[in-house]
Amino acid sequence: MSRCLLVSNRLPVTYDENINNFKSSSGGLVSAIKGLDATVVGCAFEWMGILTDDIAGELIEKARQTPAGNLACHPIVVPKDLYHHYYNEYSNNVIWPLFHYERSLVMHSEKGWRSYCQVNLLVAEAILKESKDGDTIWVHDFQLMLVPGVLKKKNPKLRVGFFLHIPFPSSEIFRELPQRKEILQSLIKADLLGFHDLSYLNHFRSSLQRVLGENPMPEKSLGVYPISIDTQNFRELSEAPDTKAFIEKYKANKKEMKWILGVDRLDYIKGLILKLRAFRKLLKEYPEERGKVQLVQIVIPSRTEVPEYQKLKARIEQLVSSINGEFGTPAYMPISYIYHSVSENELSALYQLSEVMHIGSTRDGMNLVSLEYVVSQNEKYPGVVLLSEFAGAHSTLSYAMSINPWNIGETARKMKEALHHPEVKRRGEMTAMKNFLQRYNSSEWARIFLRDLQYTAIERKAVVLPDDGKFPWMNLLSGKRVVIFCDLDGTLAPISRFPSDVRLQQNTIDLLRQISRTTAEFVVVSGRDKEFLEEQFLDQDFTFPLAACHGAYYYSPFEEEWVNLVSHDSMKWKAGVLDILKLYSSRTPGSFVEDKGHAVTWHYRNSPNEFADFLANKLTFELEESLTNQPVQVNRGKKVIEVKSVNANKGYFVEQWLQRREYLPDIVIAIGDDTTDEDMFDMLQGRSDVKTFCIKVGKEKSHARYSLPDQGRVGDFLENLLESLGPHENSFS
Ligand code: GDG
């Protein structure tokens, strides 16, 4: 089993003076990782994190020997003073507020930034020292954003993944960061960069475009992986005798009172003031609820030495006492305010006893509390989740009741609605969410991330077509079931100034005719529309299966008709996008818009360079902002910007094509010149059940393991391919 080094700011253990030793600590990331099942994920995990040098040397050794759960720990020792500047002055005073859209709380500091650089360097050096060949490095969160850059610079062979646990803000906010370039230039070095939500990924892409002027990250190096929880553990916890004891104890006092529960770390992003105001509004506007509902708010102390947090605590406590004063009676206290953490059994009991869980974060990377509440619910009498639409969990918990925490009146109305939500609806909604979390737990989250990381290419030089036009592996082809997926523009036919001028040349047609007579199956996979492919291929005296619009349409020579592989519903975005592209096209001389059915493209090859590039940057940004959460991909190719349905993807098409076959071929060859062909290469090179050879035409960066220097060598390659396929009349039926 390979080793995966998890790296985060802190180790998942904290020093406890009473026992003079370390014990397992809690927190979002820790809860998620502790639940990972190594056998499911397929990796043996070890954890690296910082300990400050004020902890005696002997204790540091103890930390090393104290596994967190079953994970070995490797402390990285950092001077306490340096840690303070890195953690408090930069991570918490700059990145945290800025990334959570709290610009007024950002406190820039030169020293903070210098310390951030220094600590990130120390962490990266410790990783380099600890890691061995074949290890995977998985770096976590906003405190360590410079680590991927240093690691890849010093050892490009290391496989490095990075996961951001907090939101990535809109580029409008991000570009205010003085160190925006340094941060982006490091993050793009990761082999895989993961976010909780698609909107964060889109913001990141637009930031690359706006700040660096380009998006150098291959599509497969970016991904959305909403974190989950250790579902099984929470299920077991809900049945544990200690939890039952808490339930019995509280039930006796609670009686008929309904509880709205809040569990939040003391932080301005958690929207605590807004929540209290909404609760006050509930009691004011709906007097019939007074005496019947109580807000049970647990606030976990956090960053207690920071003045901003002290001020927030004071404001919360003032508001709590004012509401209790206004609506309380000797027999009724509207808000039960608890300012300390509770045991996991007590937490589980509170989840089970509360009719409503309220998460009112103004911004929250994900929010695990909402997921924990769902899996702790009783099947027969479940509660309701009121969930801020600004929490990443909003995309996962599709049946939660959405709130905009800034709208106090509406939130109060939703609180009322949630308190009286019919039982049968609650049951259906909660079961659907629970079932999802049963399958998609924290192990699944890590497994998917690490699987994708496994398949991201590690810098390796492609093998260039030798002078004799024959790759050595072509000797393997004779007598085998071979399938060839081949692109058209820039591969079978040279690129032309006007796309409509592109034509197959006579020598290529001759070669294709001969290939069509071999036992190999040749499939043309193009971004072009159906009509164009028909013109090029259907009047020939040979026929091939054709895939148009990146695989959205498929033509089978046996059926002699086109099949639409993408559903109508997933194309609702198209009309709006066409309007935007036309607006850009009308002000850019020499450019035009092409409607390809499942994709729309803006071409600006013949436009004044600088102006068109400038508009292309703007357009990419506008599209990514407006298409957040739509099932589309925005791609920048060679002087084209294309928006296409995610299902109209060459990789997806090839995968479906192989899946529909009764037998897998022995060998699959894919060849193409464009960025859209990378999807095909990535998909194929990630498969272990079939031998694949992917060939990039051109010198640009690619994941393909083989390359032809330019389109001019394609003929040469096809000739040798033909020869290597061997006797023509063979049959495998
Ligand atoms: C960051 C991001 C993202 C809380 N109080 C008690 C207690 N907890 C546990 C909860 C939960 C965890 O702490 C809190 O996780 P959250 O996700 O809600 O929030 P952050 O700590 O801010 O985490 C966040 C997360 O990273 C993971 O990516 O979701 O958006 O900000 O597990 O159960 N546990 C116990 N007693 C308490 O009083 N035992």
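Contact, in this talk, means heavy atoms within 4.5 Å.

First, some ground rules. The model is predicted, so local features need pLDDT of at least 70 and side-chain atom pairs count only at pLDDT 80 or more, while totals for chains, interfaces and linings use all residues. Residues are numbered from 1 along each chain as its sequence is written, and side-chain values use heavy atoms, with hydrogens and water left out.

Now the overall view. The protein chain has 26 helices and 28 strands. Both are DSSP runs, numbered from the N terminus: helices are H or I with at least four residues, strands are E with at least two. The radius of gyration is 29 Å, close to the 27 Å that the globule rule gives for 733 residues, so the chain is as compact as a globular protein of that length. That radius is taken over C-alpha atoms, and the rule is 2.2 Å times the number of residues to the power 0.38. Along its principal axes, the C-alpha trace spans about 95 × 60 × 55 Å.

Next, the sheets. Two strands pair if DSSP finds at least two bridges between them. Which strands are at the edge? For angles, axes are lines fitted to C-alpha atoms, for helices over the stretch in contact, and the values run from 0 to 180 degrees between N-to-C directions.

Look inside that sheet. Strands β1 (residues 2-10) and β4 (residues 43-52) run parallel, joined by seven bridges. Leu6 stands opposite Trp47 in β4.

A second open sheet has four strands. Its order is β22-β23-β25-β24, and the pairing is antiparallel. The edges are β22 (592-595) and β24 (632-636); each has a single partner strand, so one side of each is left without a neighbour in the sheet. Neighbouring strands here are turned by 15° against each other on average, direction ignored. Five bridges join β24 to β25 (residues 640-645), and these two run antiparallel. Arg636 stands opposite Ile641 in β25. Helix α22 (residues 574-586) lies across β22, β23 (599-603) and β25, running at about 5° to β23.

On to helix pairs. Take α10 (residues 231-239) and α15 (residues 368-376). Their axes come within 9 Å and cross at roughly 55°. The two are therefore oblique to each other. Under 35 degrees counts as roughly parallel, over 145 as roughly antiparallel, 65 to 115 as roughly perpendicular, and the rest as oblique.

Which residues meet? In α10, Thr231, Phe234, Arg235 and Ser238 touch Glu372, Val375 and Ser376 in α15. By class, this contact has two nonpolar, three polar and two charged residues. Nonpolar covers Ala, Val, Leu, Ile, Met, Phe, Trp, Tyr, Cys and Pro; charged covers Asp, Glu, Lys and Arg; the others, Gly among them, are polar.

Helix α10 also has α18 (residues 423-439) beside it: the axes come within 8 Å and cross at roughly 125°. That makes α10 oblique to α18. Thr231, Gln232 and Arg235 in α10 meet Lys434, Leu437 and Gln438 in α18. This contact divides into one nonpolar, three polar and two charged residues.

Last pair. The axes of α12 (residues 272-285) and α13 (residues 307-327) come within 10 Å and cross at roughly 10°. That makes α12 roughly parallel to α13. Their contact has 10 nonpolar, one polar and five charged residues.
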